[in-house]
Amino acid sequence: MPAEPITIVNVGYRSTNYWVISAGRSRLLVDIGWPGSMGKMRSILKRMDVPLEEIRYTLATHYHIDHAGLAQDFKQAGVPLLLIDVQVEAIPLMKTWIKPVDNYIEIIPEGNVVISCAESRTLLEAIGIPGEVLHTPGHSADSVSLLLDDGSVFTGDLTPPDYVGLEDPHVVAASWHLLWERGASRVYPGHGPTRLMDEPKRGG
Ligand SMILES: [Zn+2]
């Protein structure tokens, strides 16, 4: 059977992009909502014609509240959390930024599918999505990017090189170089519009 073509839709809200990547009816949600917003997420998924039960995994690019706030809510709805080993330690820190009024449901280890970046291609292949997860620190130590074989790359909050502030510019540059070398061509960021990927400057 030929592979299903990959489609990408944005189900984001409140200035954060949440990307549904689909191979036919096999889907992956990249970045997982604000805390306490499962009702809003469900209504957008419905409007965008994405049945929740067709989402095979959720994946957070990193564990900041606007990127992983609904991870446990999705688990309770039957969608496992795909967690990269370099991200495990960041989960408990997320609570630091959350107020009781946010209605955050704490992410517990049970039900998480923990893999390394090296294992990601095999897992993604099994759900019909050709690509890999790469560790791309810079914005945060736990930041990962999902790079599809067609060059689409989901970078979360990886800082564009020209906007580096408090981040270590060398770490940010190394992450962009890695993505470029692996064939990234179109950036789907955590905030703002998609853009073509520029070749990273040498040494910059
Ligand atoms: Zn962030």
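**Exercise 1: the zinc site**

The zinc ion is coordinated by His62 (NE2), His64 (ND1), His139 (NE2) and Asp157 (OD), at 2.2 to 2.4 Å, where donors are N, O and S atoms within 2.8 Å of the metal (3.2 Å for Na, K and Ca) and water is not among the atoms, so sites may look incomplete. This is a predicted model, in which local features need pLDDT of at least 70 and side-chain atom pairs count only at pLDDT 80 or more, while totals for chains, interfaces and linings use all residues. Residues are numbered from 1 along each chain as its sequence is written, and side-chain values use heavy atoms, with hydrogens and water left out.

Task: Explain why the arrangement around the zinc ion is irregular, and locate His62 and His139 in the chain.

Solution. Begin with the angles: the 4 donor atoms subtend 88 to 173 degrees, which makes the arrangement irregular. Four donors count as tetrahedral if all angles lie between 85 and 135 degrees; four count as square planar and six as octahedral if opposite donors are over 155 degrees apart and all others between 65 and 115; anything else is irregular. Next, the donor residues follow the spacing H-x1-H-x74-H-x17-D in sequence. His62 lies in the loop between strand 4 (55–59) and helix 2 (65–68), and His139, 77 residues apart from it, in the loop between strand 7 (131–135) and strand 8 (144–148), so that the pair links distant parts of the chain; helices (H or I, at least four residues) and strands (E, at least two) are DSSP runs, numbered from the N terminus. Finally, His62 is buried at a relative accessible area of 0%, whereas His139 is partly exposed at 26% (buried means under 20%, exposed over 50%, partly exposed in between, with a 1.4 Å probe and protein chains only).

**Exercise 2: strand 5**

Task: Determine in which sense strand 5 pairs with strand 6, and which way its side chains point.

Solution. Strand 5 and strand 6 (residues 112–115) are parallel, joined by 4 bridges, and two strands pair if DSSP finds at least two bridges between them. Leu81 has Asn112 of strand 6 as its bridge partner. Strand 4 also runs parallel to strand 5, through 2 bridges, with Leu59 partnered by Leu82. As for the side chains, Leu81 and Leu83 point one way and Leu82 and Ile84 the other, and all are buried.
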